[in-house]
Amino acid sequence: MIALNVNGQSHDVDAEPDTPLLYVLRNDLALNGAKYGCGLGQCGSCTVLIDDRPVFSCLVPLAAVGARKVRTIEGLADKDGPGALPAAFEAEQAAQCGYCIAGMIMRAQALLERNPKPTEAELRRHMATNLCRCGTHMRILAAVRRAAKAMGGGVAEDTL
Amino acid sequence: MTKGRWVLAGVALVVVVVLAAAGALVWHPALPAVAVPPANSFDRALVKKGQALAHLGDCASCHTASTGKPYAGGRALPTPFGTIYSSNITPSADTGIGKWSREAFVRAMREGVARDGSHLYPAFPYDHFTKAGDDDLAALYAYLMTLPAVEARPPANKLDWPYGQRSIVAAWDLLYLRKGPDTNGDRGRVLAEGLAHCGACHTPRNKLGAEDSARPYDGAWIEGWFAPPLNARSPAAQPWTADELFAYLRTGLAGRHAAAAGPMARVTREFAEAPEQDVRAIAAYFANLMAKAPAATNKLQPIDHADVAARASPIGSALFGGGCAQCHEAGAPMMQQGGPPLAWSTSLRLDTPNNTLQVLLHGLKSPAGASGPAMPGYAADFDDRELAALAAYLRARFTDLPPWPVDLRHAAEQVRKGANE
Amino acid sequence: MSGLTRRSLLGQGGIVVAFTLAGRAEAKARRRDRLPGHLETYPELESWIRVGDDGRITVFTGKAELGQGLKTALIQIAADELCVAPSAIQLITADTTLTPDEGVTAGSHSMQDSGTAILNAAANVRQLLTEAAAWRLVTSSDQIVLADGVASGPGGLRLSYGELAASIPLDVEAKADVPRRDKGRRLIGEDLPRVDIPAKVSGGAAYIQDMRLPGMLHARVVRGPSDGTRLKPADIEAARRLPGIETIVQNGSFLAVVAKSEWAAIKAMRGLQAAGWERIGPSMLSTDLAKTVRGLPVEDVPIFDNPGPPAPAGARAFEATYTRPCLMHGSIGPSCAIAQWLNGNLTVWTHSQGVGPLRKSLAQLLRVPIDKVRCIHVEGSGCYGHNGADDVAADAALAAQAVPARPVRLQWMREQEHGFEPLGSAMTVELKAQLDGDGKIAQWKHEVWSNGHNGRPTTASGLLAGLEVAPPFPPQRSRPIPMPEGGGHRNANPLYALPNASGVFHFAEQRPVRVSALRSLGAQMNVFAIESFMDELASAAKADPVAYRLAHLQDERARHCIQNAADAFGWSKRKKGSGFAFARYKNLAAYCALAMEVAIDRASGGLEVRRVVAAVDSGEAINPNGIRNQIEGAIVQSLSWTTTEAVTFAPTHRTSFDWSTYPILRFPAVPRSIDVHVIDRPGEPFLGTGEAGQGPASAALANAIADAIGVRLRDLPFTPQRLKAALEA
């Protein structure tokens, strides 16, 4: 059994140590947020936070997580509501098929926690790690801008 | 006059001559500023030739900052003497070389002296560019003068005392600069030692930062990476044939080795645009130099001590299984597509683990929108202890070489910090 | 009443409703007026709408949610007409047991076929509710008001729909002439928030990939790297002995592993794939697919032939050739299916666009009667056409056969989706035109070369596994889709009023690679070519590109759409680097005009799309925000196709196996702004929107680039290398 801290809760997981975190989250802990998109660290559908940093959970073996804190989209909601980013994405209707969205939200969460006032260029470069095939990019950016404001910051328009 | 006076006069004369000579060495006249030549005053064919040469010389790599415009300078170049920022070589009148005549440009390339007479630091490898022929330099000048001018002043250099004094470079030039074109013989050699300045990264340097002419292409450190030997000391697991090396230089991928990483990745992107026959010539030159390397005995079976390595490092095995095997294990998609096994990676076979740790931390990126190798970095996934275990596992599994004789955890920490050897 | 009870509705019974064709034909013959949409095929109201004793309304559609907002739009239509809140509606989508067979959710037909049917069925039910309430409250129909699931009469008397349910027989045929509701607040036309988004932004179960059934096992199919390859013999026995492996399934060259854990299945799959692979059949002679397809033996299919006087003497002649490579669907979530055999009955949960045809194909593949197979649609990631969804359903069904009663979840890997999904065909278009003395088009000829655009399985032959099982099924033949829909020749007939105009589709059945329907089929290429050529001709005529189009266009809605986009963009005050394009999808569905402004870095060939402004006429707009979402997405996706995408090949296999070898647009390259203006036409038929943007976006970009640098690019994709080469030429 391997101990894991996910969204503030401790779990004991009976999985092989080389199992990528993605499959542990989905199959052992029945969490839907992180998704299988490529398993190769190229698309970001599996993005979760480990100690506040965004990672590809499809490439983090269970053995590497240790005592570090894992956060998924399920952990963004609290007693005050669904979380600024999920609320913003819903308000902007920022989804077509929506499969990439949970990963987008976690990727953006990492940015806004570290830098509440990114420039537009910084925002796009940061989000570049994550792919959206439906072409929902404009709304995803609008949702992150909206959430940044709600979180007390904002996205500064580049002069470039 | 007394004998003493003669001696004094003699000494004075020698001092004067020495000072005059030193002055002559140190002091160069400023060349007159010219009006910025209009782009259409240059013959198109000459400009195209210059562009090809700029790709071979990889000017853009050093003269472009990571978030800057091409050739506008500002890239930080770490040296043992401090940090130097590359200059703007677009034809901007105030911040670039717009007011440089061709003569000024040639002098800079051949002698390492700027238009205003000041010395350029040999981080700019004029000790290689000096070998370029007159025609090549004229073409390069034409190309640079037709680039879009960018108004951008690079940051000031941050050099340790006394290296901030440009005039001391004169002494360096006296000791190490062999001025003048060297265009005879094999085109590959001419380019490698001239514009392509391969030795600038691949030849070890002495304490004064000059290439050790007794150890050409023995391998050297550059920006935290070890540029491997390109001669009989090459530790590659498979031979570098001319075709293999050409493919590598052109595409960044070698089917029997690995992908280009670090500074070399940038070089291959430039070589992708350079004239094919020139890149082939360079490849043939080095393939010949490496003809006596150990791999020449053609070891075909890739080494894979999976069980041994797993027993020696169960952590490393778990990390590899869940973090690397998706691409690097036999039967994985990249391998089904003919990717090289890790046993053929030169990085694992170097005496230093640094290149391996660099790739693990930072991954490999293709330029945006381009098709090419992509490997994510594991800086956020693995801590230094885990990186150390993984590096040790890779060495044990994919080579027959002894473990790296360093504290891998410490090495990982240093590489993560960006400390340079 | 039919044998359907509420129990069977909830899927707890084993009752299969057979929608027999024979009975239908007779009923159709008896009816005089055509019913709208698919109501014509399934005229019984209860096929579409049920009202429960608790007032809960269940609406059925044979179409599927693909992420295009279908569920929301259909709920809006039904709720609007039935005067209930959207939350009162439970929508059941494509299920071969429960819903009408509406074929495939494709071709932007959903609103036209299903939406129209549900609208009219709901109008019929509303009328029945009104009449029943009037009868029970002893008053006349015009005294009854329906609101929020309650029928009110004079004197404050009320009856809920639940109370009325027993009084309204729904096993009756719809009447064609029931008018739509004309009073009260409309839901149609509102930006109703998507009903599926809340789960998607909170980690709720939203996709087939999220399904977890009791006792479920995990499977992986084992194949070579791509279409055209097969695995070499592998050590099956060693794989069987791996920890966690339940069984290995072999049938001919079909090979799959079934395991208790997903990771164990993946490791076993990889171990088997280490055996190596080989090419099936001869290697390809060329890896330039557009060139290959252009040179294949073809049959010539006439597309259109508008007679007209010959071009006048002195007419100037122009011609141009345009090409595109093979394109990939590239669904972000690789295809997945769950299959379970229970007492000889197979249930497959699938994100296939066509559960009906899939069911038939699976029955044939597995050699069981069709009534033993049930296919239930569960949403997957965006598919944009025929991707791996049907194949993985077959793979799952075969794997599940080996472990009866256990649900088996089979997930394709990224490289399997990339390697085996049917591609969008490489295509070539040659256009010729002559201009008269005034610069007007006096003659026009369109020729298009393409492989087929519909490889959707109608039999086992259309499934990958069908070619692998023993004995294998012969490969499915490919035929051109007839006009007015068209396949490779979709949208090859311009909407412009052109005299002396004709078009020919050179259809190549012989295909070097697996191809099928990719969003808009041939329309993207044909519109790209036509709209690029229109600009080339406008330039030769020294005419403004927008004015030139209007000068050749009589369709009023098309003209309005073009004017709307041009005005919204500020076309008359445009900057250098601006381009325009227009098309009506299939000349039958939505109208889309768009203008784009770009900037190009001459040194690097780097392209920046500054802004895009589009106008869309989808008829009566059910959910305007949904339309905007679809068009924005189409524009970004089309920009990715146009600037970045091309499937690559080696002679033996596909070399585009992941995102590094098939890059698509990432955030830094996305336009700075996209504005979509929805032209609402209340009362007009709903027009399909999902595919209307692909062609215009490609062409507007080509035109904008030509305006920016004076060079016309005709070969997709417009990579930085191609732009640089064009700049240097």
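How close do the axes of α3(C) and helix α4 (residues 110-136) of chain C come, and at what angle do they cross? Here are my notes, starting with the ground rules.

1. This is a predicted model, where local features need pLDDT of at least 70, side-chain atom pairs count only at pLDDT 80 or more, and totals for chains, interfaces and linings use all residues. Residues are numbered from 1 along each chain as its sequence is written, while chains are lettered from A and ligands numbered from 1 in the order in which they are written.

2. On the opening point: the axes of α3(C) and α4(C) come within 8 Å and cross at roughly 25°. (Axes are lines fitted to C-alpha atoms, for helices over the stretch in contact, with angles from 0 to 180 degrees between N-to-C directions; helices are DSSP runs of H or I with at least four residues, strands are E runs of at least two, and both are numbered from the N terminus.) That makes α3(C) roughly parallel to α4(C), a label for angles under 35 degrees. The crossing is right-handed, i.e. the near helix is turned clockwise from the far one by less than a right angle.

3. Who makes that contact? On the α3(C) side, the residues include Leu70(C), Leu74(C) and Ile77(C); on the α4(C) side, Met111(C), Ile118(C) and Leu119(C) are among them. Contact here has C-beta atoms, placed from the backbone, within 7 Å. By class, it has 12 nonpolar, 3 polar and 2 charged residues (Ala, Val, Leu, Ile, Met, Phe, Trp, Tyr, Cys and Pro are nonpolar; Asp, Glu, Lys and Arg charged; the others, Gly among them, polar).

4. Chain C also has an open sheet of 3 strands, ordered β1-β2-β3, with mixed pairing; strands pair if DSSP finds at least two bridges between them. β1 (49-51) and β3 (89-92) of chain C are at the edges with a single partner strand each, so one side of each has no neighbour in the sheet. Neighbouring strands are turned by 20° against each other on average, direction ignored.

5. Within that sheet, 3 bridges join β1(C) to β2 (residues 57-60) of chain C, and the two run antiparallel. Arg50(C) stands opposite Thr58(C) in β2(C). Helix α3 (residues 70-82) of chain C packs on the sheet, touching β2 and β3 of chain C, and its direction makes about 135° with that of β3(C).

6. Over in chain B, the assignment gives domain 1 (28-176), domain 2 (210-297) and domain 3 (306-417), with bounds from an automatic or database domain assignment. The centres of domains 1 and 2 of chain B, taken over C-alpha atoms, are 26 Å apart.

Notes. Two residues are in contact if their C-beta atoms, placed from the backbone, lie within 7 Å. Angles under 35 degrees count as roughly parallel, over 145 as roughly antiparallel, 65 to 115 as roughly perpendicular and the rest as oblique.
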